[in-house]
Amino acid sequence: MQTISPVGKPIDPERPLVLAIAATGGLRIAAMNEAAENAGIAIGDPVADARAKADSLQVRTADSGADDAALRRLTLWATRYTPTASSWCRDPWNEENGADGFFLDIEGAAHLFGGEESLLADLAGRLNRFGLPARLAIAATPGMAWALSHFHAASQSILPSGKEAAALAAMPIEALRLSSESRAMLRRLGFKSAGTLMDKPRAPLAARFADELLRRLDQALGRIDEPLIPVTAPPVYHSLNYLLEPIISQQAIVARACRLMQNLVHVLVRDQVGARALRLSLFGLDGAVETIDIGLTAPTRSVAHVARLIDLKLDALAAMQDAGFGFEAIGLAVTHVVPMPARQIESNIDRHLQLRATTENDDDIAALIDALRQRLGPNRVRQFEAIPSHIPERAEKLTDVNGETFQSDTSRSEDSYWPLANDKTRPLLLLPQAEPAEVTALVPEGPPRRLRWRGVTYDIAGAQGPERIAEEWWRSHSQSAHSRNSGNPVQGSHLHGNERQSGLTRDYYFVEDGEGHRFWLYREGLYGRETAAARWFVHGLFA
């Protein structure tokens, strides 16, 4: 455990040292050094009793937040053995598991290390090199493994499947991971070992201890499952490479990642899926783990594309600046996949070439977006999304580009809200906000003949329109975004203030001057019905 050490008070390792946490009845001992243990201090003792046993006792407050972060880092490091690693609970006084270890689900992974004995020896050796001597156990259930690691005579033990009842019977009731109240109640009733509970009728125990006692007993014996919460989401596919020599350079990491991706491509092709999210894990010699998450715009099985994204991500991160003594293992996990069936070859060669060109264009765009997201950040790349609205400024919005929102050319069907490719009635550039303009027309509702905009006068050579767009009646009536704080209401109208400017009809014109400049402008308000003097706005520009 870690401590919040007061400034100016160094710790003497030769003197008794304890870490205390707040509990019922005052401060209690949560951890201690060897000198404190030799003085007769025990975990859970009140600090006042500990001071009576050791005159020169050093007391520090335990930092539970730092402990939780350190345990999570250690559990993340343990994913080098299996993708499913779960740390124990944070507060040892409120949770039954304690806060001093983690579970590993090694089913299907032990053979990669030469068997359970070899895996256990490798794990113990690495933890010892970190200065963390540990008690390790392998059993068929998490509850039984926890009990063996805490109460078995040996620091390392492996229990064959089916022997849980015999091993648990000889252990104290603390091996069942019960709350302190339940343990105290059992001891008052004369139960000291777990074996004395196994043959007792279940109904009285359920009535006295609710479901806690029987649930913990059944979990340890494998009668009911005990779900574990992994420190990271288990990957869909996973490939891990243990290195004979540690690597440091970015080029070496990318090269190893390519090999791992090549291994994953086979299963992705077999299952007809593509990777949409990956996680690269770099396991350092010092126990630190660097994880790099990579999101993709479109599903892929391309090794070169993934390698390029990893290279860009490493450029943008500080992981390579503090590689320490290097990385001894590297893992690549596919955390999210989507269906990616094989593409059918068209019998019509022209149609096939057209579809292939469109698909390759989509792939190139997705690759470009992925590269920009790795370099600039996941929320820095955006795209326009079509909205079902006739009002031009409401017909689209900017959204973050990801695999769920990416709209390729092939995904924009004829039923989408985007204008068709041959629709020339909408400008290439829509201004962020329609800008007022001075327009001269022969009659109030006639086409424009002269336009003055941004201080420049344009003589209109031709005009097409009007295209009338009315306000969407199902929306709440609010003032037009392009006609606020001004307007000429019809005399005698019963509307007042801003209400006079709500829901004004627009007449759009496509105009061109003698030099070829083309504008998209509109007249706001119907003459004599909505306004006495209509106003004009430039809303877009054509190429």
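In what order do the four strands of the open sheet lie? Keep that in mind as you look around this predicted model.

1. Let's start with the sheet. Its four strands follow the order β9-β12-β10-β11, with antiparallel pairing. At the edges are β9 (237–247) and β11 (289–300), each of which pairs on one side only. On average, neighbouring strands of this sheet are turned by 15° against each other, direction ignored.

2. Now zoom in on two of these strands. β10 (residues 273–284) pairs with β12 (residues 327–339) in the antiparallel sense, over 11 bridges.

3. Helix α12 (residues 303–316) lies across β10 and β11, and runs at about 135° to β11.

4. The aromatic rings deserve a visit too: the structure holds 12 aromatic pairs. Trp146 and Phe151 make a tilted pair, 6.4 Å centre to centre with 55° between the planes. Trp146 counts as buried because its relative accessibility is 6%, under the 20% limit. Phe151, at 33%, counts as partly exposed.

5. Compare this with Tyr522 and Phe537, a stacked pair at 5.3 Å centre to centre and 20° between the planes. Tyr522 belongs to strand β19 (residues 518–524) and Phe537 to strand β20 (residues 535–541), 15 residues apart. Both Tyr522 and Phe537 are buried. The charged end of Arg506 sits over the ring of Tyr522, 4.8 Å from its centre.

6. Finally, find the aromatic cluster formed by Trp77, Tyr81, Phe113, Phe130 and Tyr242. Arg80 lies over the face of Tyr81, 5.2 Å from the ring centre.

Methods: Residues are numbered from 1 along each chain as its sequence is written. This is a predicted model: local features need pLDDT of at least 70, side-chain atom pairs count only at pLDDT 80 or more; totals for chains, interfaces and linings use all residues. Side-chain values use heavy atoms; hydrogens and water are left out. Two strands pair if DSSP finds at least two bridges between them. Helices (H or I, at least four residues) and strands (E, at least two) are DSSP runs, numbered from the N terminus. Axes are lines fitted to C-alpha atoms, for helices over the stretch in contact, and angles run from 0 to 180 degrees between N-to-C directions. Contact means heavy atoms within 4.5 Å. Rings of Phe, Tyr and Trp (its six-membered ring) pair if their centres lie within 6.5 Å; planes under 30 degrees apart count as stacked, over 60 as edge-to-face and the rest as tilted. Buried means under 20% relative accessible area, exposed over 50%, partly exposed in between (1.4 Å probe, protein chains only). A charge sits over a ring if NZ of Lys or CZ of Arg is within 6 Å of the ring centre and within 35 degrees of the ring normal.
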